[in-house]
Amino acid sequence: MKKRILITGITGFVGSHLARAFRKRGIDVVGISRKSSGNTHIQRVNLTNQKALENVFQKTKFSACFHLAGESLVENGQKYPHQTLRENIQSALNVLELCRIHKVSRIIIASTAQVYGNTHGFCHEEMPARPSRPYETSKACIDLVAQSYADSFHLPVLIPRFVNIYGPGDLNFTRVIPKTIRSIIRKEQPILWGGDIRRNYLYIDDAIDAYMRLAGLPDLALEKNRVFNFGSDESVTVKELMETLIQLSGTKLTIRKVPVEREGEVVSQEVSSKKARRILKWKPKTTLRVGLQKTLVWYKRYFRTLEKIKVYRIK
């Protein structure tokens with residue numbers, strides 16, 4: 001029987017890349033999204049509605065489930081804390097419960113390195129989560145629920161904790177890399193807040209490679225290896241990141257700094273990926289500079305295409 005996998009949040013940045021990678025390998029992909037897509041392989045389902053989700057599992061037998069859906073914007077978590085906590089946790093709980101009932105062979109629940117909170121030095125998987133804001137707290141709660149399901153029901157659950165993933169195809173222009181590149185292409189000054197905040201960035205191809213290796217991890221290796229960190233070897237401040245993008249673009253734009261800080265922001269964070277290197281034989285292949293160059297090229301093509309469409313419509 002041909003393998004068939006389920007990806008929630010399939011129309012998102014990471015979800016769409018992951019689906020494409022599996023299809024290239026000849027694996028059938030069924031997706032769930034809260035948006036209408038017109039694609040027969042993508043179903044519009046509210047994940048907080050367990051009955052609606054049950055219908056998806058009853059129609060199809062899945063060998064693996066990748067749960068990527070959920071509110072991913074820290075800002076929305078600040079504005080709508082109750083909604084963020086309720087929807088993220090309830091959605092993950094429904095996915096886990098139906099995977100348990102339908103005996104899915106591999107369950108991967110996407111998490112974030114932000115659950116570690118403000119730390120000194122490198123974060124390791126054994127460290128306790130210390131989230132502060134609603135978004136990170138919802139992810140930390142999901143991690144605990146997922147581990148509870150894994151231990152209580154012997155489910156094949158894995159929890160990847162990623163740093164900031166970037167690359168071609170990310171159309172969320174509230175994120176620093178897409179937002180800065182858009183400003184550069186428009187010949188506008190990129191706006192900087194919290195320039196001293198230090199972050200780790202991972203190119204999308206390296207993130208997809210991580211997901212693939214998790215999917216292929218032997219069951220015997222699961223028991224004591226539920227959580228994996230995935231990060232790059234480079235850590236930069238937001239200011240350094242923006243300066244690199246401006247330099248790569250070949251423009252002479254300057255950064256406009258605004259005195260605005262986000263409450264509860266994680267000031268500095270780096271993760272250790274030694275466990276992923278040791279067990280999964282995974283390591284990032286794309287340097288930050290090369291990844292940013294590839295990303296910049298993609299956005300230039302994207303915005304040129306938009307301009308052509310606009311001109312065509314006017315005609």
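Reader: In which helix do Lys-239 and Glu-243 both lie, and how many residues apart are they?

Author: Start with how helices are named. Helices (H or I, at least four residues) and strands (E, at least two) are DSSP runs, numbered from the N terminus. Here, both residues lie in helix α8 (residues 238-249), 4 residues apart, about one turn of the helix. A note on the source: this is a predicted model, where local features need pLDDT of at least 70, side-chain atom pairs count only at pLDDT 80 or more, and totals for chains, interfaces and linings use all residues. Residues are numbered from 1 along each chain as its sequence is written, and side-chain values use heavy atoms, with hydrogens and water left out.

Reader: What does Lys-239 form with Glu-243?

Author: A salt bridge. The term means a side-chain nitrogen of Lys or Arg within 4 Å of a carboxyl oxygen of Asp or Glu. In this pair the closest N and O atoms are 2.6 Å apart.

Reader: How many salt bridges are there by this rule?

Author: The count is 10. Among them is the pair Arg-100 and Glu-97, at 2.7 Å from N to O. Both belong to helix α4 (residues 81-101), 3 residues apart, which is about one turn of the helix.

Reader: Is Glu-97 buried or exposed?

Author: Look at relative accessible area. Buried means under 20%, exposed over 50%, and partly exposed in between (1.4 Å probe, protein chains only). Glu-97 has 17% relative accessibility, so Glu-97 counts as buried. Arg-100 has 30%, so Arg-100 counts as partly exposed. Now try another salt bridge: Glu-136 and Arg-133, 2.6 Å from N to O. Glu-136 and Arg-133 are both buried.

Reader: Which side chain of opposite charge is nearest to Lys-139?

Author: Lys and Arg count as positive, Asp and Glu as negative; His and the chain ends are not counted. For Lys-139 the nearest opposite charge is Asp-143, 6.4 Å away. Lys-139 is buried but has no salt bridge. Its place is in helix α5 (residues 134-153).

Reader: What is Lys-139 in contact with, leaving aside its neighbours within four places in sequence?

Author: Contact means heavy atoms within 4.5 Å. Lys-139 has contacts with Ala-110, Ser-111, Thr-112 and Val-115.

Reader: Which strands do bridges join to β4?

Author: Two strands pair if DSSP finds at least two bridges between them. Strand β1 (residues 4-8) runs parallel to β4, with 4 bridges. Strand β5 (residues 106-109) is also parallel to β4, again with 4 bridges.

Reader: Which way do the residues of β4 point?

Author: In β4 (residues 64-67), Ala-64 and Phe-66 point one way, and Cys-65 and His-67 the other. All are buried.

Reader: What covers the buried residues of α1?

Author: The cover includes β1, β4 and α7. Among the buried residues of α1 are Phe-13, Leu-18 and Phe-22. After α1 comes Gly-26, with a positive phi near 80°.
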